[in-house]
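The following report describes selected local features of one protein model. Readers may wish to keep the sequence and the coordinates open beside the text.

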Amino acid sequence: MEKAWWKEAEVYQIYPRSFCDQNGDGIGDLPGILTKLDYLKDLGVDVLWLSPVYQSPNDDNGYDISDYKKIMEEFGSLEDWDQLLKQTHARGMRLIMDLVVNHTSDEHPWFIESQKSRDNPYRDYYIWRDSVNGGPPNNWESIFSGSAWQYDPPTDQYYLHLFSKKQPDLNWSNPKVREEIYNLMEFWFARGIDGFRIDVMNMYAKDMSFPNAPVKNDRPFQKGFKYHVNLPKNHEYLHEMYQRVLSRYDCMTVGEASFTSPQEGIKYTDPSRQELNMIIQFEHMGIDTEGEDKYISGAYRPLDLKRALTRWQYALNGKGWNCNYLSNHDQPRQVSRFGDDKNYRYESACMLGALTHTLQGTPFIYQGEELGMTNIKMERFEDFRDVELLNWLRVHSKLPGFDLHKALERANYISRDHARTPMQWTDSENAGFTSGTPWIKLNPNYRQINAREQLQNPHSVLSFYKKLIALRKNSETLIYGEFEDLLPDHEDIYYYKRALNGEEIYIILNLTDKLIKMDPYPPKGKVLLSNYCGKPIWEEGQLHPFEAQIFRKE
Ligand code: ISL
Ligand code: CA
């Protein structure tokens, strides 16, 4: 297998708004991040991924960009950013930026022009269509609820927005739009970045005849995925982006690809196709959703998690490269979702970390994960900030049979805001995140769960993560080795092997809070890391709740 620095790297995602606030306005900022670089280096991080820091009206916290070449005022200046990059590089780390170019903000100058008249030179930068039968051009549903089309009175047409109505979709079929995008990518490469995480990169191409989506329920709008996800044209666009820009840099690219099968995933990441290095796939993020709407219901079963991950391991092996994650800024906290944040927080947080660090692929840590930060309990919908959830609520609360209590309970399980509560640095006021009032509620458990305490505690989640990161970094087998699922049908235990050049590393993970007998007994070896200090599995014969053991066969 071809070696690459981005395959060996440890990636850490920063959501700047919630990471560290230096000037006391309650909003995280670039100078705040600067003060934490030593913490990240010490953890073992190689690459920082910054969620968007560009100028934005913040309808979707920076994923709605009004100027790609400016830094959001609340976050600081371009000089602050230059300083951050310089200091990141000085510590031997790299920095990747979030490239959000499926859509812009409706406050971007291109869109403001585009809105002015049907013959404005920027009109065709976006997707405008006439009304059909007095309604929107078709029945597509926005990923953020409601119609994907917004009527704009001045020119009596609708524009397409797959996300919020303040995020109009760019028209990728227009070569001028693509030129603009390559140009802004060059701007950041010239400033010294090491790559991009590429937002919604599988929805650039749309079926430009905009057919109605198949009707699956009695709701007014329907999912149009068939016509705007993973179209052949999308691969052409990414290949062009590669040829025009990416191929000229020693950079890392990771594309975000929801609603994508492994077969499709290979196309994006197969090096011979020259598109991207890896993708953020979503299959394992959908296992606890029943039906298509994550805000309604669903339950987590460990076997579903195993099956989804194993499928991607086998499918990409030797053909593409996986990105291994269990949380990010769009997902709830992994220890609350797949672990037990009450009775076994330490054990399950460590076990889940062991999982993402021992599969084949590049591990991505989301800020606070290394502390075992948990979901927050919101008492009321007013405490949530996320546009996706609030739009959903606006649409769904009007439907017959809507149950507010149930919806709140589900939001307390799945909301994106769980990831967005401030980073818990200390046990002092506002968790050391800000001297002001945080923009979103702080999880009150920062008194117990915080970096300061964990840095001093050898038995903390943080200390375990450090060992885990170091273990992977020093093991070619854990990075490049073949993966084999040894108990694919077991309901509770994930047991797999990584092998390279005759070395075999075994990973046993108890995904549940039960005490489980191990059958068959694994081979004897040397324990490399475990979240329990008891006997190795071949002596003990059973696994404790959420136990993780990584060992080398001898
Ligand atoms: O968050 C999701 C599941 O709740 C996805 O549907 C998500 O909205 C989708 O994968 C796109 O995510 C990305 O683009 C969005 C932005 O809101 C997300 O934060 C970003 O990760 C629009 O830019
Ligand atoms: Ca600030």
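This is a predicted model: local features need pLDDT of at least 70, side-chain atom pairs count only at pLDDT 80 or more; totals for chains, interfaces and linings use all residues.

Residues are numbered from 1 along each chain as its sequence is written, chains are lettered from A and ligands numbered from 1 in the order in which they are written, and side-chain values use heavy atoms, with hydrogens and water left out.

**Domain and calcium site**

An unreviewed UniProt entry annotates residues 13-420 as "domain: Glycosyl hydrolase family 13 catalytic"; such annotations may be inferred rather than shown by experiment. Over residues 13-420 the chain is 32% helix and 12% strand, with the end C-alpha atoms 12 Å apart; helices (H or I, at least four residues) and strands (E, at least two) are DSSP runs, numbered from the N terminus.

The calcium ion (ligand 2) is coordinated at 2.3 Å by Asp21 (OD), Asn23 (OD1), Asp25 (OD), Ile27 (O) and Asp29 (OD), and along the chain these donors follow the spacing D-x1-N-x1-D-x1-I-x1-D. Donors are N, O and S atoms within 2.8 Å of the metal (3.2 Å for Na, K and Ca), and because water is not among the atoms, sites may look incomplete. Of the coordinating residues, Ile27 is buried at a relative accessible area of 9%, and Asp29 is buried at 3%, where buried means under 20% relative accessible area, exposed over 50% and partly exposed in between (1.4 Å probe, protein chains only).

Helix H4 (residues 78-90) has 13 residues and reaches 18 Å from its first C-alpha to its last, close to the 18 Å expected at 1.5 Å a residue, the expected span being 1.5 Å times one less than the number of residues. Its buried residues are Leu78, Trp81, Leu84, Leu85 and Thr88. They lie on the same side of H4 because they cover an arc of only 115° around the axis, the arc being that of the directions from the helix axis to the C-beta atoms. On the other side of H4, Glu79, Lys86 and Ala90 are exposed. The buried residues of H4 pack against several elements, among them helix H3 (37-43), strand E5 (94-99) and helix H6 (175-191), with contact meaning heavy atoms within 4.5 Å. Gly92, which follows H4, has a positive phi near 75°.

In helix H16 (residues 461-473), the end C-alpha atoms are 18 Å apart, in agreement with the span for 13 residues. The buried residues of H16 include Val461, Phe464, Leu468 and Arg472.

Gln549, in strand E20 (residues 548-553), is buried at 2% relative accessible area, and its side chain reaches the backbone nitrogen of Ile537 at 3.1 Å.

| Residue | Phi | Relative accessible area |
|---|---|---|
| Asn133 | near 50° | 81%, exposed |
| Asn430 | about 55° | 14%, buried |

Asn133 lies between strand E6 (128-129) and strand E7 (149-152), whereas Asn430 lies between helix H14 (404-414) and helix H15 (451-456).

Technical notes
A polar contact is a pair of N or O atoms within 3.5 Å; within protein, one must be able to donate a hydrogen and the other to accept it, and residues adjacent in sequence count only if both atoms are side-chain atoms.
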